[in-house]
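Reader: I would like a close look at a single part of this structure. Please take one part and go through it slowly, then say what surrounds it.

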Amino acid sequence: MTFLEKYSKAFEDSFDTKIENIEELTYQSIPEWDSIGHLFLISNLEEVFNITFDLDDVTDMSSFNKGLEILEKYDLGL
Amino acid sequence: MLDLSFLLDKDAFSFDNIRKRAIYKELLPQLVKHHYDNCLDYKKMLDVQSYDLSISILEDIPFLPVSLFKKYELKSMLDLDVYKVLKSSGTTGQNVSKIYLDKNNAALQQKVLLKIVSDFCQITRNPMLILDTSETIKNRLNFSARSAAILGFSLFGTDKCFAFDNDFKLDLSAVNLFLEKHRGKQIMLFGFTFIVWKYLYKQLVMQGIKLDLSDCILIHGGGWKKLKDEAVSNTEFKSSLKKQTSLKNIYDYYGMAEQTGSIYLECSEGHLHCSIFSEIIIRNATDFSECNIGEIGIVQVVSLLAQSYCGHSLLTEDLGKLIGIDDCKCGRKGKYFNITGRVEKSDDRGCSDTYEFN
């Protein structure tokens, strides 16, 4: 799986749904991405990429694209 | 809607009283006007008193009894913008409060909560032992104050573990495994006061188990709810837990469903602190005039976060006293206070009865 596939899959696994136009996804834009969904997403991303987010990044993760930007800061061993 | 982004960039306890008053003087009348324009019930309440919307002095801003949320939908937004309905845990036989949140308000509460808590724990994120059952956060439709608090604090957790099974039996093997796995790291414990006491402390004592939680920080809140008869003082709570678990870092917080996010956390000196996002006023029970420092009265809470519902200025059913302003030894600016008890039979006779609608 490519990085982007892994990343997208983490979203779909967290929200337990197939997501159309996933690159347009933002926090609260689907019912599944609420505060509970956000917790799932954070822990899934941390597990998939074996990282621990800083607190600021946990709150800044407000969209699919923002998440990509945030992940650039971390050493993903790619 | 108020734009609080300039406050979100500041340290949560960095404003002294003069600076804070200046900001509230400007923002509070806007907030009152916002609710007046967007919530008909709120407008009626102010109109009945011929309220002057230009009033800007903190102490003169109108306050609603917190029990009003049990009877009325005090929302300042369109129905289609309702994103979450937060229900207070409410004690037996009482109606529950319903707090209506739109997306912005929910997100704002979460941001402020993290800001306040991170000021107390220099920690960033740590393993977190949640002193509750995983059931509490399973149902997203029925969102209780407790589930909201657990979710809000959970963002601090990296690895997470729930300490109790669904019947609130301590899952000792899971807890031990979790503690062992993270030995040497600072572990954050979070739970509701009465749950920590009844289900953690009491079970440990009964089973004669001593846990080693010396590396942990416990943050607890929510008071005693249904366990008023079993309530112990904060000092006894701390010393008992310390004896049983070697837990030294224990911090209480004061907050309520009606003002989620802008909580008041206990500092190392044992005092609750107002952040830049909220304020308290202690009032005499007889004439609602402001109490002096050290005088016990009813706690009024003011929060800039309450925008999608009229919870910006509320008279609680709690008693407390102001300890001081700007000069706590912990270094935080602003007012600091203690909670001393509950207004007697507060659910039966609220000032809400004096308000007539329609």
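**A sheet and a helix in chain B**

Author: In strand 5 of chain B, Ser144(B) is the bridge partner of Lys87(B). The model is a predicted one. Strand 2 of chain B, residues 84–87, is joined to strand 5 of chain B by two bridges, and the two strands run parallel. They belong to an open sheet of three strands in chain B, in the order 3-2-5, with mixed pairing. Strand 3 (98–101) and strand 5 (143–144) of chain B each have a single partner strand, so they stand at the edges and one side of each has no neighbour in the sheet.

Next comes a helix of chain B. Helix 2 of chain B covers residues 17–38, which is 22 residues. From its first C-alpha to its last, helix 2 of chain B reaches 30 Å, close to the 32 Å expected at 1.5 Å a residue. Helix 2 of chain B also has a kink of about 30 degrees, centred on Tyr24(B). Tyr24(B) is one of the buried residues of this helix, which include Lys20(B), Leu28(B) and His35(B). The buried residues of helix 2 of chain B pack against helix 3 (40–48) and strand 12 (278–283) of chain B.

Last, the contact between the chains. Eleven residues from chain A and 14 residues from chain B take part in it. On the side of chain A that touches chain B, helix 2 (35–49) and helix 3 (55–60) of chain A each supply at least two residues. Helix 2 of chain A gives the largest share, four residues. The residues on this side of chain A are four nonpolar, four polar and three charged.

How values were computed
Residues are numbered from 1 along each chain as its sequence is written. Chains are lettered from A and ligands numbered from 1 in the order in which they are written. This is a predicted model: local features need pLDDT of at least 70, side-chain atom pairs count only at pLDDT 80 or more; totals for chains, interfaces and linings use all residues. The expected span of a helix is 1.5 Å times one less than its number of residues. The bend at a residue is the angle between axes fitted to the seven residues ending there and the seven starting there. A residue is buried if 20 or more other C-beta atoms lie within 10 Å of its own, exposed if 12 or fewer, and partly exposed in between; C-beta atoms are placed from the backbone. Two residues are in contact if their C-beta atoms, placed from the backbone, lie within 7 Å. Two strands pair if DSSP finds at least two bridges between them. Ala, Val, Leu, Ile, Met, Phe, Trp, Tyr, Cys and Pro count as nonpolar, Asp, Glu, Lys and Arg as charged, and the others, Gly among them, as polar.
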